[in-house]
Amino acid sequence: MAFRRRTAVLSVVALLSGLVAATGAGAGPVPGATAGPVPGATAAGTADPSLAALVQPQAALPGPLPADPPAALEGAVTAMAAHVGIDLHPAAAIRAAHLNPGLTGRLALLLGLLQDCQKITDQLLAHLPAPPGEMLLRNIDPGPIPEAPALRACAARVEAGGLETENFLRSVPAEGSRLDLWPVLRVDPIGTDDTVGPDYMLSVDAGGNDTYLNNAGGNLIDVRAEPKGLAKGCSNPAYDLAAGRCVISEALLIDVAGNDTYGQMEAPVGGVDGLCTDDLLVRRVVTGGAGAWGVGVLIDGGGDDTYIGKSLSLGAGHFGGTGVLLDQGGNDHYTAIRLSEGFGTLGGTGVLHDAGGNDTYSYYLPGPKYPGVPDHSLGAGCALDTGGVCDGVSRWILGCGFLCGVGILVDDAGDDTYESAPPAKHEPGASGIIRDTGSMGFGDGGGFGIFIDGAGHDTYRGMPGRANGATVTPNDKSQGFFHDSGGGAAAEAADPMADNPVPDNSVADGGFVTAWFTHYIPEKIRVARGSTPQFFNPDLYGGPFGGKRHTITEVRNLHFDPPGPPRFDVSVDFGKVAPLTGVEKLKPGAYDFICRVHPFMKGKLIVE
Ligand SMILES: [Ca+2]
Ligand SMILES: [Ca+2]
Ligand SMILES: [Ca+2]
Ligand SMILES: [Ca+2]
């Protein structure tokens, strides 16, 4: 049962990657975009294989092991250091560490993968209208980011290589001594308990209860910290990038075992978050498996772990980048302020995949410095955003996509607790348009959010409609998908629609109508004359009498209409999306429709 369930969960992710491709989410940013998918993106979806590969990775090396592992590793480390302006001569240290040759060769291959991603990042940065720090400071529209899919595919290769290396480390006895080639490579081949302060591009740890105070698989690297010092850069990325205190690189962290802590709460820095709050918080952004303009991957093999982030953390992608956090077991705790825990924005992709255990997912809100001041003013609490205001609201956590980003949270098993802030109003950027924001499978501005819990008795707090056994499909407020598979025999026997809201919605041009089990959502569709809604079929159960295909087929009212074929008749297979062609030609009025496969499914289209 557990296996079948997991297969179903992952097939949902695979099919949703088709929807993501169809909506254009993850393809590039549309700053200031309002509700609904990207204009023109109405073709039936083609699946993006790299999105499914990020969620369901297969361990794989990127090529044969090098014939001379130490020499290959020396070359890779030297090149990665030179790229950030650091002159390293690692040959002697590599020899002295006496690592297993199989591990040494793998480290060289993994650094080669990161170099491949770095080439894509460099291309991306070369296309930007201004340097990244300046773009953040001046809120410059980045325009299209065509490199986003390539970074996503590169992240999938990094993740696959990291998993293979993890499997290798599990299979061989501990051998050699630690290797520290800051800021490129850190290896603990023994599995001692470590506290890691400086940032590294590649960090490999064979076990032990470790504390990562550094980037922890985030791709913004502090290259100014002393080699043995504590990395501090990127706490204010707009200024730190402009000043060269942190650089845009690529990152992979592999921690094979132990009860680990990622991130630390500290007093806020005066002049930065200290303007907003006196409470403790994580100072840095883009940590814990996060990619901004590049790739960041964190793979944790097991243990009861604590993950603490700020924003753009814990499986987050920004500016076309991809971030992945994969935790393979244990009872874990995840918390961040916002824009985290499976979040993508501006064409970025973020994945948080937890493969098992009774986990807690939550958020924290540093309190206001001056209670009662309005949000977006000094002292309002939380943290300083890149616009230089105190944004005192938590939002966009647990499987959320914004501005053509894709955010995915998948938890395969266990009795989990999920907590987010309630939905909030938000004005994204300079558009002046107030929008709804949310969490737990929520998307807007051409982004797409996916939340899937595969099993267990789970508890939800904060977001309406999210409950054990519930499904929330895309609607006019959110391009998101929430699905909790329920837990226990009672939940499995229950009507899958039991907790499912059935709104009576207006559907914007390009907005979604979905079919679910026995009915359409919404059942009464209001559209403006000349517009074309889309029909999405996420029905993984299939309606009674079999068949996961659904249609929206007009039934002509012979009292009012001349006889003739249906003026709209669209059939969509499970997991696909297609435009409701023909609707755009209809005159104002009411039109009945049914599903050809399930004729008891009835709906009404009102053209206004
Ligand atoms: Ca560890
Ligand atoms: Ca864990
Ligand atoms: Ca779990
Ligand atoms: Ca669960």
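Which residue of β41 is the bridge partner of Phe593? Let's work through that and a few more on this predicted model.

Residues are numbered from 1 along each chain as its sequence is written, while chains are lettered from A and ligands numbered from 1 in the order in which they are written. Since this is a predicted model, local features need pLDDT of at least 70 and side-chain atom pairs count only at pLDDT 80 or more, but totals for chains, interfaces and linings use all residues.

**Exercise 1. Find the partner of Phe593 and place its strands in their sheet.**

Step 1: The bridge partner of Phe593 in β41 is Gly603. (Strands are DSSP runs of E, at least two residues, and helices are runs of H or I, at least four, numbered from the N terminus.)

Step 2: Zoom out, and β40 (residues 589–594) runs antiparallel to β41 (residues 602–607), joined by 6 bridges. Pairing takes at least two DSSP bridges between two strands.

Step 3: The open sheet has 5 strands in the order β35-β41-β40-β37-β38, with mixed pairing. β35 (524–527) and β38 (569–572) each have a single partner strand, so one side of each lacks a neighbour in the sheet.

**Exercise 2. Work out how β24 is enclosed.**

Step 1: Count the buried residues (20 or more other C-beta atoms within 10 Å of a residue's own; exposed is 12 or fewer, partly exposed in between; C-beta atoms are placed from the backbone). In β24 (residues 406–411) that's 6 of the 6, so the strand is largely enclosed by the rest of the structure.

Step 2: Check the faces. Val406, Ile408 and Val410 are buried on one side, and Gly407, Leu409 and Asp411 on the other.

Step 3: Look at the partners. β19 (residues 349–354) runs parallel to β24 over 6 bridges, with His353 partnering Val410. β29 (residues 448–453) also pairs with β24 in the parallel sense, over 6 bridges, and here Gly407 stands opposite Gly449.

**Exercise 3. Describe the packing of α5 on α7.**

Step 1: Two packed helices are described by the angle between their axes and the distance between the axes. For α5 and α7 (residues 148–171), these are about 170° and 10 Å. (Axes are lines fitted to C-alpha atoms, for helices over the stretch in contact; angles run from 0 to 180 degrees between N-to-C directions.)

Step 2: Classify the angle. α5 and α7 are therefore roughly antiparallel, a label for angles over 145 degrees.

Definitions and conventions:
Angles under 35 degrees count as roughly parallel, over 145 as roughly antiparallel, 65 to 115 as roughly perpendicular and the rest as oblique.
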